[in-house]
Amino acid sequence: EMMASHVELDNIACNAAISACEKGDEWAQALGLLAGMVAGHVECDTITYNAAMSSCAKAGEWAQAVSLWVEMMSACVGLSAISYSAAVSACEKGGEWAKALGILSE
């Protein structure tokens, strides 16, 4: 809705919205916001991806979280301890221990 109203978005506002989606169990909305950031050429940083991965992890959407992990690495976005934690947590919730070990070995 913010994009439709011609409000200029920035990284901070979008990151806050994605974090709010995590807290509200709206993982699909978080991914939609991330996609909107990419389409709108708004910088996606470590915080952006961490919030989106955490949202997916919380919802048990491990495959989505791993996909974001891969996207994050492909985009050369800096990984943090939170990045590893979110990705591994998502795999743990999905019973994907081998994927979790693979992430930790990166």
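Me: Looking at α1 and α2, are they roughly parallel or roughly antiparallel?
Reply: Roughly antiparallel. Keep in mind this is a predicted model. The angle between α1 and α2 is about 165 degrees, and their axes sit 8 Å apart. The cut-off for roughly antiparallel is over 145 degrees, so the pair qualifies.

Me: Which hand is the crossing of α1 and α2?
Reply: α1 passes α2 in a left-handed crossing.

Me: OK, and which residues make that contact?
Reply: From α1 you have Asn 11, Cys 14, Asn 15, Ala 17, Ile 18 and Cys 21. On the α2 side, Gln 29, Ala 30, Leu 33, Leu 34 and Met 37 take part.

Me: What about α1 and α3, at what angle do they pack?
Reply: About 10 degrees, with the axes 8 Å apart. Here α1 covers residues 11-23 and α3 covers residues 46-58. That is why α1 and α3 count as roughly parallel to each other.

Me: Which residues of α1 and α3 meet there?
Reply: α1 brings residues including Asn 15, Ile 18 and Glu 22. Among those they meet in α3 are Ile 47, Ala 51, Ala 52 and Lys 58.

Me: Switching topic: how many salt bridges turn up in the whole structure?
Reply: A search of the whole structure finds one. The side chains of Asp 25 and Lys 58 form a salt bridge, at 3.4 Å from N to O.

Me: Where do Asp 25 and Lys 58 lie?
Reply: Asp 25 is in the loop between α1 and α2, while Lys 58 is in helix α3, so the pair ties together parts 33 residues apart in sequence.

Me: Back to helices. How do the axes of α2 and α4 cross?
Reply: Helix α2 (residues 27-39) and helix α4 (residues 62-74) have axes that come within 12 Å and cross at roughly 20 degrees. That makes α2 roughly parallel to α4. The crossing of α2 and α4 is left-handed.

Me: And which side chains or residues make the α2 and α4 contact?
Reply: Trp 27, Leu 31 and Leu 34 of α2, together with Gln 64, Leu 68 and Glu 71 of α4.

Me: Last one: which residues form the nonpolar patch on the surface?
Reply: Trp 97, Leu 101 and Leu 104, with about 380 Å² of accessible area together. Leu 101 lies in helix α6, residues 97-104.

Notes: Residues are numbered from 1 along each chain as its sequence is written. This is a predicted model: local features need pLDDT of at least 70, side-chain atom pairs count only at pLDDT 80 or more; totals for chains, interfaces and linings use all residues. Side-chain values use heavy atoms; hydrogens and water are left out. Patches are made of residues with over 30% relative accessible area and no salt bridge: like charges are joined within 9 Å, nonpolar side chains (Val, Leu, Ile, Met, Phe, Trp, Tyr) within 5 Å. Accessible areas come from the Shrake-Rupley method with a 1.4 Å probe; for residues, only the protein chains shown count as cover. A salt bridge is a side-chain nitrogen of Lys or Arg within 4 Å of a carboxyl oxygen of Asp or Glu. Helices (H or I, at least four residues) and strands (E, at least two) are DSSP runs, numbered from the N terminus. Axes are lines fitted to C-alpha atoms, for helices over the stretch in contact, and angles run from 0 to 180 degrees between N-to-C directions. Angles under 35 degrees count as roughly parallel, over 145 as roughly antiparallel, 65 to 115 as roughly perpendicular and the rest as oblique. A crossing is left-handed if the near helix is turned anticlockwise from the far one by less than a right angle, and right-handed if clockwise. Contact means heavy atoms within 4.5 Å.
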